[in-house]
Structure formats: C-alpha cells, structure tokens
Amino acid sequence: MIFGLPALSVAIWLPIIFGLLVMATGDDRNAPLARIIALVGAVLGFLVTIPLYIGFDKASSAMQFVEMKDWIVRFHIHYYLGVDGISVLFVMLNSLFTAIVVIAGWKVIEKRVAQYMAAFLIMSGMINGVFAALDAVLFYVFWEAMLIPMFVIIGVWGGANRVYSSIKFFLYTLFGSLLMLVALLYLYLQSNGSFNILDYHQMPIPMEAQTLVFLAFLIAFAVKVPMFPVHTWLPDAHVDAPTGGSVILAAIMLKIGAYGFLRFSLPITPDASHAMAGMMITLSLIAVVYIGLVALTQTDMKKLVAYSSISHMGFVTLGFFIFNTYGVEGALVQMISHGFVSGALFLCIGVLYDRMHTRRISDYGGVANTMPVFAAFFMLFAMANSGLPGTSGFVGEFMVILGAIKTNFWYAFMAATALVFGAAYTLWMYKRVIFGAIANERVASLKDLSLRESFILGLLAVAVLGMGVYPLPITEIMHASVNDLLVHVARSKL
Amino acid sequence: MNLATDLIHAGAEIFLLVMVSIILIADLFVTGRSKMFTYLLVQLTLLGCALITVSTHEPGVAVTAFNGMFVDDLMADVLKLLSYLAVSALLIYSRGYLLARGLFSGEFMVLTLFALLGMMVMISACNFVTLYIGLELLALSLYALVALQRDSAVATEAAMKYFVLGALASGLLLYGMSMLYGATGTLDIYKMSVAIELGVNNKALLVFGLVFIVAGLAFKLGVVPFHMWVPDVYHGAPTAMTMLISTAPKLAAFAFTMRILADGLQPLMIHWSGMLVILAMLSIALGNVAAIAQTNLKRMFAYSTIAHMGFLLLGVLSGGIEGYGSAMFYAVVYVLMSMGGFGMILLLSREGFEADKLSDFKGLNQRSPWLAFMMLLLMFAMAGVPPTVGFYAKFAVLEAVVQTGHIPLAIFAVMFSLIGAFFYLRIVKLMYFDTPESHEPINMQPDTALLISINSIAVLLLGILPGTLMSVCAVSVQQSLLLH
C-alpha cells in the first residue's frame, strides 16, 4: 500500500495520469512545463515501485500485492493484479527506464514535446499493467494498448523511413496478438468461464489442444521477442525510432514477449512446450549464431545493436526451453542485463547522433580524442554487450550456457560461439567509431558529454557493473518463483 | 387487451407522429435560413419521445399490443432510446454542414423524423406486416433524404441507385414473407415459430421463403454479395445523410434481423446460420480488403461498414444469448464509432469543401491536436484495438463464435481485421505523421466540438468499463427470446 492505495495500481495509473496531465499542457509554447511534469511523473513512477521490492517476500513463490475487483461481470473478467519474483523486477526496470528516457529526451526533442513525454508515460503505465495483470483479458488489453503510443512515437519523432517502420511494427505485433486472443477465448471456454491466468496454470488440456494453444501463443510472443524468423520488424523499428523509443523497445518491450513465455506458454501448455522444445531451441540457436553474423556486417550502428538484441534474446529463449534452474534464471538475468546494456548502447548512439546526425559507422573515427568521457562509458557498455566477466552481460550468458551443457553439449557449444561473435561485432564497431585518427572535421568539433548525459549513462554503468559483480539481489528475489515454475512445467497436464 | 393500454405502449410512436405533423405545418411559418425554431422543436420532440419510452417501460416483462402486431420489451426500449440519441446527435453534427449548403430545411428534419418513426416501428414490430411498414417508412424517407440535394448529380445518382436496389430488396423480402405465410398460415412472428416447430407440410416452400428473406435482409444490411449500393450511396449522398444511413438504421436493422431470424425463424436456424456464415465471411473479407484501395473517406467507411456488418452477422449466427447479445452490443458500438467518424468529416468540412478525402486529414495533429486525438481514438476503436470499446465488440462476438466451436471462423475473422487495421492506421498516419496541405482554420461550433469530444471519450470510457452496456444488451436479448 502506498498512501493507502494498492501498490500495483499506483505503479500502473500514476504514470498514465501524469501522462494525461502532460498532454493537457498543449502545444510547444508550454514545453518547459511539459518536461517538468513529465520528469516528476516519471521519477515518482519509479519511486512508487521501490516498496514493491522492499516489501516483497522472497521466500514465497505466490503472487504478492494482489488486487482483485470485478470488472466485466458478464464474462467473469476481473481487474486482477499481482506480481511474483519474476514480474516484480520488470515493473521496476520499466519504471526506471521511463525516467531515463524522459531525461534523455529533455533537450533533444523539440517539436511536440508534450505529446512525446505523454506517450512515454502512458506507455510506461501500460507496460507495468502487462507485467502485473493476472487476468488474461486485462493482460491483453494492456498488451495491445501499449502499441498505440509506440506506434505514434516511431511515426512522429522517428527517422527517415518512420512511416513504413511504424506501420510494420504495429501490424506485425497485432498479427501475433490476435491469434493469442483466439487462444485465450478457447481457454476461457475450456475452463468453464474463467480468464484467471492462474486457473489456466492448473487446468488439464489435451495434447492436441495444447499444441494449438502453444502455437498461437508462440506467434504472439515470438513476434514480440523477436525470434528468428519473425524478427524482421525490429531492425526497421529501431533504426527509425527516436532514441527514447529505441531504448524502451530494446530494454522493455522485447522482454514482454519473453515474459509471455514464462507466464503463459510454459505453465499453461507444459506438454506442448516439452514436445516443441527442439524447435524452440533450434530457432533460438539460429538467432544466436546467424543473427550474430548478420550483425557483423551492419554499417549502421543502430541496426547493429538491433541485430545484437535479437541475438541476445536468442539466449533468453534458449534458457527457457532447456527447463532447468540455471537456464531459466540465467535467461531472466540476461533479460534484465540486456535491458540495461542495450538501453545504454542506444543512449550512447543517441548521444553521437544528436551531435552528428548520422549513424553510419564510416562517418566516425577517433571520437575518443574529442569525447574521452563518452568513450569510457561506451567502452564499458560495449564490453558488457560482448559478455565480459565483471559486467552484467557475463552472468546471464554464463548461466544459460551452464544450463545448456547439462542438457546437450552441442547446444552449449553453439551458444558459446555467440560470445565470440558478440565480442567481434561490438568491439569492431567500437574500434571503428572511437579509435583511430580523427576521421573528419565534424568529429574534431564534437563536445563531450553534458552533465545530463553523464548522469544517465553513469546510472546505467553502476547498474551494469553492480549486477556483474553482485547479482544476488536480483537472483534471490526470483529464485522461489523460478523453482515453482519449473516444478509446474515438469508436471504433465494431459 | 384494451385499446387504451395498447395506445400507451405505442405512446412514443404516436407522439412522434403527432409532432412530425405539427412540425411539418409549423415549419411553413418559420422564415429565415437558420430554422432555429424548427430545430429546437425537433430536439424537444426527441426528448419527449425518450421520456415517454422510459415512463411506459414495464420492467421485466415484454408486452404485446394491437393483437400481437407490436411488442414493447426491453430490447425495443433500449434500441429506441439509442436511436433518439443517434438522431439527436446527427442533427447537432450536421446543422453547420447543412446550413452551409442550404439544405437545413424543414423537409430535412421532417424526413429524418419520419425515418426515425420507421425505425421505431421496425424495432417494435412483431408481425410481418408491421415490420414491412416500418421498413418502407424508413427506406422511403432515406431515398428522399439522399436526393434532397437535387442539383447535385452525384447525390441524385446515389438516390436512384439506392431506390432501385432498395425496392428490389423490399420485393425480395415481401416475396419471402408471402412464401412463409403460405407455408405456415400466419404472419405473426411468434405464431410462425410455433407453427414451424409443430411441423409444416411444405418444407421446401418454407426454406425457399427463408432464402428470399435472408437475401432481402442482406440487401438492407449491405453485406456481400448484396453490398453494391453501399459505397456509391455513402459516397454520393451529402455527408449528413450518409451519417444518418450508417448509424441509427443499423440498430433497427439489428432488431429486424433479431425478430425475423432469432424469434420467428429460430426453428430454421440450422438453415439460416449456414447462409449467414457465407455472407459474414464474404463481407469481412471484401469489406476489409476493398477499403484499403479507397482514397475517399466516405467510401472507405462504406467498405468498413460492410466489414462491421459481417462481424455483426457472426454474432447473430452464433445464436443464443451470447451470440445475439454480442451482436446487439456490436450494433450499438458500431453506431457510436460511425457517428464519431462521420461527425469528424462534418466538423472539418466548410462551405464548398467536403473534407471527405483522405488527404484532407493530413497533418490534423498540427492544426488541432485535440481533434486529431479524438479521431485517433475513433480509428483505433474501429480497428478493434483496446482500450477502446471497439475491442470489446469484437471480443464479445469472437467469444460467441468460439463457443459454438467455429474456431476457424474466428481465426478467419481476426486475420481480416488485421488487414482492416491497416487502413484505420493509415488515417492515424495521415493525421500524425504528415504535414498539413492547408492551414485553413477549423471553424468549430461549440456544440459540435463538445459532441465530438463526448462521442470519442465515450468510445474510450466504454472501453475501460464496458460491463454495464454488455449486460444491458444480454438482458435485452434474453427477454426478447423468452417471449418466444
């Protein structure tokens, strides 16, 4: 409870209310006011999630901070919220990143500031809703609704090809979700009229139906993750999104797809998950290896990091479908770490882009000479992206590989090659951009980080290093829930 | 049943008829272009009708009057109230538009009220004769309204098409009705269903009659392959008339479908649901695909209406309280969304400028962020994206479809609504991502500006709390089926 109000509802609705307030400030004459309200809303939005962590009972795998109210009585739909050790982390991560994005867009966004800030705040509330919803319809509503602000963000403040990318993004994700809707309706009828996700976890389902439900969920979540071969929207969306959009997309939105596997696919259709594990692992390994190679050939920095995201998310889905504690926990750590690292990398690219208005690697060179502080930060995040021990990137990948070795040596072998490719494409890009002689006059006239930029990158640097050295605060909170999930998945529901 | 109680139950219709006659005469003495007096009188009449409908409502029971010709139940009252609201909103939306074109005349208002009377009779009809009278009263008023702008070639052509095809549809319906009468010996809807259940000698005649009835209904609803008039009429008619055609009459058409198919011909459901599956699938497919190719917003809405009517039929063919309830909810939500969509066109139009081309919406966000946001809500509602009410309309229909075991049909419907999402998104894209073609200031009347805001925010609020309206629809339908 916060100020006498239920904690999760506050985490969801506070940013949305602030978003509406920001929108009400109107046109760009009131831009300073819009920025300040947005900052207050975003920071408050993060602060109200801290009690969720402090008050969380780490020993329990049950849903906590539960709220349940009747919503649509006719279909037995409830306003049903709760978090376990898995989702609580993402609620916090999302709220933190909203604050970062608001600060990152402080100066850069000059046109339609109020709408920009409002879109991020409203989206933040909706994403918290996705992670906290325990009613399938509530989940679906938040899941779809968050597409609207993202669509507008990419389309209005995006790059050259923004219209194509935003529509592609929207239709791709809508395609996945509509099939999920049919699957949810099927589950509703099978469970004799319940949209409670936790009821679905207990409900026996015949194998054939499990397979179909699994596939419907797979399409929805695989598009969101994104998994090979439905990943093609992501590079477009990233390249054309404004920096803030890219950050939220990489740090949070991709995690929603992966979260869907944990909340829906694995516990609702465990038998189908086991039966399809081979396919899922194969697709994950293709993403890890093939997309890693694709990343190597990119000439656009954002595209490179976008492909690197797909490759890293391959680790996550690999971790889920080897069904052991190392795999699943490693995947979760990887999700959070990737949130920090990819978010930070996109911010770094944003820093360069704001100064040079180009993202082509060949336009840069020797940035270290003019921006030494920036080069240091960028170095840290690049290392984390390639999985250097001591950074957060190492922990998750190491755990997943450890888990994979227990299942099959070759899975682990293939996955480990990604570490090599990851190092190759990230560091090669880093070398070309940062080191060497100063490439041209524009690089020579670059100014180093402002205080505002140093602050957000510093914050993320602390997070990346902290998680790399001492991941326990994160793993201990998810431990009980992950074990419970694995017990659940091991049990047949036929 | 004595005459006095019968008259009370038809009180709203009688009051409306009396008032229309008074307005018709009074209007002769109102001079000046603004016709403010007539306009206010019409709005008061609608208010009066609403009060009568509410006060004569008998909770929990369905009453038949005039020897079973007329029924007063919850469904009828709910649909009538919504029709008053829709017509009242229509008058507010279209006043500025019609004034600028010199069409805001007494005839317009009188014909609109006659159309409303036709709808009310259709909604409460319980006998094929009353049904047909209501339908023709509505249709004739609409033909005249479309042709009201008599110096416009497009409008006249649209009226002609509408009339010829509408007359053909009426003919089909009548022919079907006469066959059903021949097979069962009654025109009363409830008696007919009893007669069919008891068994009829000439089953072929019965099913043959049913085919004609379904074809006639499909014409009136404008579903594929009986949809040819829809795009032309929507496009050709003045926007205010298009709005009238596409909103309140759909409620009446829903009631009409309910009374004939669900109440009267329930025993033949196995036959008609198969026909509706084909009609619904074709409509959803063609409506959504053809809408993509349109550059005129009114034409696009016409195809989108075809697709929406397909969805409505999906609800009807699923049957049961779930199915019919979802179809009624869909009809109500559709009217709300369509009202807003056409309202926006009316709002942006001005003298000599129709604002019905897609490109007229370019950069609306820069001209008026508030209107653009309202239109964004409406477009996402039509596409069926939560948290707008359009999502729950599709959700309820799909739930009913899945419940009857037609999962492939549900998947078919959602895949085509994905295609449909594209052209709604395109409007949002035009408004938000493009730069405006003209910076002409938008001159909004305060009443229309308020109405469009209420309309769009209702789309959002009903999307956050759709429970009540859903329950009302379910209860109405349940009561109407109980009577049977």
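# A walk through a predicted two-chain model

B:Thr5 lies in helix H1 of chain B, which covers residues 3-9. B:Asp27 is 22 residues away from B:Thr5 in sequence, and the C-alpha atoms of the two are 32 Å apart in space.

Further along chain B comes helix H7, residues 153-184. H7(B) has 32 residues, which should span 46 Å at 1.5 Å a residue, and the distance of 46 Å between its end C-alpha atoms agrees with that. Just after H7(B), B:Gly185 takes a positive phi of about 75°.

Chain B also has a cis peptide bond, which runs from B:Val224 to B:Pro225 and has an omega near 5°. B:Pro225 is placed in the loop between helix H9 (203-221) and helix H10 (229-236) of chain B.

Helix H1 (residues 7-24) and helix H2 (residues 31-47) of chain A pack with their axes 9 Å apart, at an angle of about 180°. That angle makes H1(A) roughly antiparallel to H2(A). On the side of H1(A), the contact is made by A:Leu14, A:Pro15, A:Phe18, A:Gly19, A:Leu21 and A:Val22, while H2(A) contributes A:Ala34, A:Ile37, A:Ala38, A:Gly41, A:Leu44 and A:Gly45. Sorted by class, the contact of H1(A) with H2(A) has nine nonpolar and three polar residues, and no charged residues.

Next come two strands of chain A. Strand E1 (residues 64-72) and strand E2 (residues 77-83) run antiparallel and are joined by six bridges. Across the pair, A:Lys69 stands opposite A:Tyr79 in E2(A), and A:Asp70 stands opposite A:His78 in E2(A). In a regular strand, side chains alternate between the two faces of the sheet. Of the seven residues of E2(A), six are buried, so the strand is largely enclosed by the rest of the structure.

What lies between E1(A) and E2(A) in the hairpin? There are four residues between the strands, and in this hairpin A:His76 takes a positive phi near 55°. A:His76 is not a glycine, although its phi is positive.

Helix H8 of chain A, residues 162-190, has 29 residues. H8(A) reaches 42 Å from its first C-alpha to its last, close to the 42 Å expected at 1.5 Å a residue. This helix is mostly covered, with 21 of its 29 residues buried. Just after H8(A), A:Asn192 takes a positive phi of about 55°.

In the loop between helix H10 (207-224) and helix H11 (233-240) of chain A is A:Pro229. A cis peptide bond joins A:Phe228 to A:Pro229, with an omega of about 0°. The other loop lies between helix H14 (301-320) and helix H15 (325-356) of chain A, and A:Phe323 is found there. Phi of A:Phe323 is near 50°, a positive value in a residue other than glycine. A:Phe323 has 20 C-beta neighbours inside 10 Å and therefore counts as buried.

The last stop is the contact of the two chains.

Notes:
Residues numbered from 1 in each chain as written. Chains lettered and ligands numbered in written order. Predicted model: local features only at pLDDT ≥ 70, side-chain atom pairs only at ≥ 80, totals over all residues. Axes fitted to C-alpha atoms, helices over the stretch in contact; angles between N-to-C directions. Parallel < 35°, antiparallel > 145°, perpendicular 65-115°, else oblique. Contact = placed C-beta atoms within 7 Å. Nonpolar A, V, L, I, M, F, W, Y, C, P; charged D, E, K, R; others polar. Pairing = 2+ DSSP bridges. Expected span 1.5 Å × (residues − 1). Buried ≥ 20, exposed ≤ 12 C-beta atoms within 10 Å, placed from the backbone.
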